[in-house]
Amino acid sequence: MPKRLISTLCQSALLLLTLFLFSQCGARKATPRRPHVELPECSISDDAYSVPQLPGAEMRAVWLTSIFGLDWPKVSADTYSGMVRQQESLDKMLDAFVQAGINTVFLQVRLRGDLLYPSSVEPLSPTVSKTGALPNGYDPLQYAIDACHHRGLSVHAWMVVYPLGTNDHVRSLAKQGKGFYAAHPELCLRQGNAWFMDPAQPAVRTHMAQLVRDLVTRYDVDGVHLDYIRYPDGPKKFDDLKSYQRMNPKRLPRMEWREANVTAMIDTLHRTLQEVAPEVALSTACIGKYQQLPKPAPGGYFCKNDVSQDPLVWFQRGIVDFIVPMIYYKDAHFNYYIADWAKRIAPYGPIVAGLGVYRLYDNSRWKLQDIYNQLDTLSHYGLSGVSYYRAEQFLQMYDQLPAERQDQLLLPTRRPAFGAEPRIPFGMAKVEEIVDQGERLTISWSYDLQEPTGHTFNLYYRLYGSHLDCPLVLLGQNLAGRSATISRDFLPEDVLVEFFVEPAAFSGHTGKLSAGALYYNSRELKK
C-alpha cells in the first residue's frame, strides 16, 4: 500500500521518463525517453493542499503518407511474409513517433480514389498489396489502428477528397472495372494529366458520405481528416463551366459558387458523422494562407481566393472540429500568416499548425533554425497544436535536433478534446496500490464501470508538500490496463510524490481526476 510519509520538496528535478506499461492484454513495450526532462516549476500556495493542476493540452501530430509508400511501409503485403514485414516496419515507425513525443497520427487511408483497407466502396491501393490480395484475415487499417492505440496514439483517417490520380492510374483501375471513374465518368473532370471528382455534383458528396459511413462503422478511428478538400491548383484552368452553368440556381459568381460546393461537401460529411459516429472528430487540411494581407505582408496562394476554401465559414456553421493550415513557409510568409490565423480564425475554432519539415530535405534549402523559429513563434499564439509533414522527414529532423530541442518536444502533453463525448459516460477511477519493486514502482487502480467501455486511463504524478503547488506531470496517456510499472529512477530522492489517474478516450475527452495517492521515495528508509 502507499507509504504516507511527509517530506520537504525541492521545486524542480530532473527525471527519467522510462515507462513499463502493462494492460490486461499484455505488456506494452518500454518506451525509452531522453533522460533529462525538467519538471514544471512549483510555486508556494496559500492553501495547505493545492488543487491539482492538469497540464495543458496540445496535439502533436504527423501526417503518415501512404501514397507511393512515402511513409507507409514499401513492402507489399500480398504474402504472409510480406504482411509480417509490413507490420514490423509500421511498428518501428510508430515506436519512433512515441519516442519523439507524437500523440496523434493522421494516417492516409484514401489515396487517389483507392484505399488502405479492403472495402466494397473503392478498391484496395497497390501501396498495400501490389496484387490486390491480402493474407487471410489481414486488414492493414485495423492493424494500424490497434498498433497506434496500443502505444497511446490517436488515429485520424486522412482522406484525400477530390483527386483521383493520374490518367494512367485512373485508366488502369477502369480497365479492371474498379474505381469511381469506372462507375461514374460523367462525374469526373480532367485537368492536365490528372482526374478529379467534380465538386459541384451532389452524387460526389453522396459517394464520399458512403465512404465515410463505411469507414467509421467498421473501424475505431478517432477522427476523419479531409485533405484536398478544395479546387485544383490553377483555378482558371479547371474546366467546370458546364457544371457552373447547369448547377448554379442562385446564379452565384463562379468562385463563390465553388466555395459553396466545397462547404456543401464538408457539411454532408459532418452530418454523416453526426448520424453514425458523433464521437469521431472531423478536421480539414487547408492552404496555409487564408487571404492576402496588406503590405508589407508577402503574397502567395490563398484558401479563399484561389482554391475556394473558407475555414471561417466552416467554424461559424459548426461543421468542423478543427483545421490544420499547411503553413509550409518560413520567415515573413510564415510570421504574417500564422498571426492572421491566430487573430482572425482561431477565436472561432481550434487550429493545429501544419509545418513543412520536408523542406529541410528537398531543394528548399531550409535549415533547422527555420523550424526552431516557427516553433518559437507558435508558442506565442496558444493554438491547439502542431502537425508535421511528413512522417519520415519529421523523424529524420528529430534525430538531428540538439538535446534541448528534443526535450521540448518530449515534455508529455494531453491531447485536446475533439468530437462528441464518448457514448458511455466516464466512471470514477481510484489509485488502489503503489508497490515498491526495488528499482521499479507499480501503480494499480480500479474503475467503477464494468468492461467493455472503450475507456482508457491517463496517469499523472506531482511533487507534493504542504503549501506547495506543483502542476501535474503526465506519465502515461490512454493506458488500456489497470496498472503501470515505471522506473523508480525518475523520482528525486527523499520526496513525497502524489499519483493520480483519470478515465480517458482517444478523442481527448477525460473523466474526473481521482484523489491523489502518496508515495515517499527514499532508498535510505529501505535499508
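Predicted model: local features only at pLDDT ≥ 70, side-chain atom pairs only at ≥ 80, totals over all residues.
**Nonpolar cores**

In soluble globular proteins, nonpolar side chains tend to be buried together. The largest nonpolar core in this model comprises 121 residues. Within that core, the residues with the most contacts are Phe97, Leu107, Val216, Val224, Tyr388 and Phe394. Once neighbours within four places in sequence are set aside, Phe394 is in contact with Val62, Ala100, Ile102, Val357, Tyr388 and Leu409. Another core, of 28 residues, lies apart from the largest one; Cys42, Val431, Trp445 and Val473 are among its members.

**Helix pairs**

Two packed helices are described by the angle between their axes and the distance between the axes.

| Helix pair | Angle | Axis distance |
|---|---|---|
| α10 (residues 331-345) and α11 (residues 368-378) | about 15° | 11 Å |
| α1 (residues 80-99) and α2 (residues 140-150) | about 30° | 11 Å |
| α1 and α12 (residues 391-400) | about 50° | 11 Å |

**α10 with α11**

Helices α10 and α11 pack at an angle of about 15°, which makes α10 roughly parallel to α11. Their crossing is right-handed. On the α10 side, Asp331, Phe334, Asn335 and Ile338 take part in the contact, and they meet Asp370, Gln374, Thr377 and Leu378 in α11. By class, the residues of this contact are three nonpolar, three polar and two charged.

**α1 with α2**

The crossing of α1 and α2 is right-handed. Helix α1 contributes Gln86, Gln87, Leu90, Asp91 and Leu94 to the contact, while α2 contributes Pro140, Tyr143, Ala144, Ala147 and Cys148. Seven of the residues in the contact of α1 with α2 are nonpolar, two are polar and one is charged.

**α1 with α12**

Helix α1 also packs with α12, at an angle of about 50°, and the two are therefore oblique to each other. Here α1 passes α12 in a left-handed crossing. Met93, Ala96, Phe97 and Gln99 of α1 meet Ala391, Leu395 and Tyr398 of α12. The contact of α1 with α12 has six nonpolar residues, one polar residue and no charged residues. Phe97, which meets α12 from the α1 side, is also listed among the residues with the most contacts inside the largest nonpolar core.

Conventions. Residues numbered from 1 in each chain as written. Heavy atoms only, no water. Core = buried A, V, L, I, M, F, W, Y, C linked by side-chain atoms within 4.5 Å. Buried < 20%, exposed > 50% of the residue type's maximum accessible area, 1.4 Å probe, protein only. Contact = heavy atoms within 4.5 Å. Axes fitted to C-alpha atoms, helices over the stretch in contact; angles between N-to-C directions. Helix = DSSP H or I, 4+ residues; strand = E, 2+ residues; numbered from the N terminus. Parallel < 35°, antiparallel > 145°, perpendicular 65-115°, else oblique. Left-handed = near helix turned anticlockwise from the far one by under 90°. Nonpolar A, V, L, I, M, F, W, Y, C, P; charged D, E, K, R; others polar.
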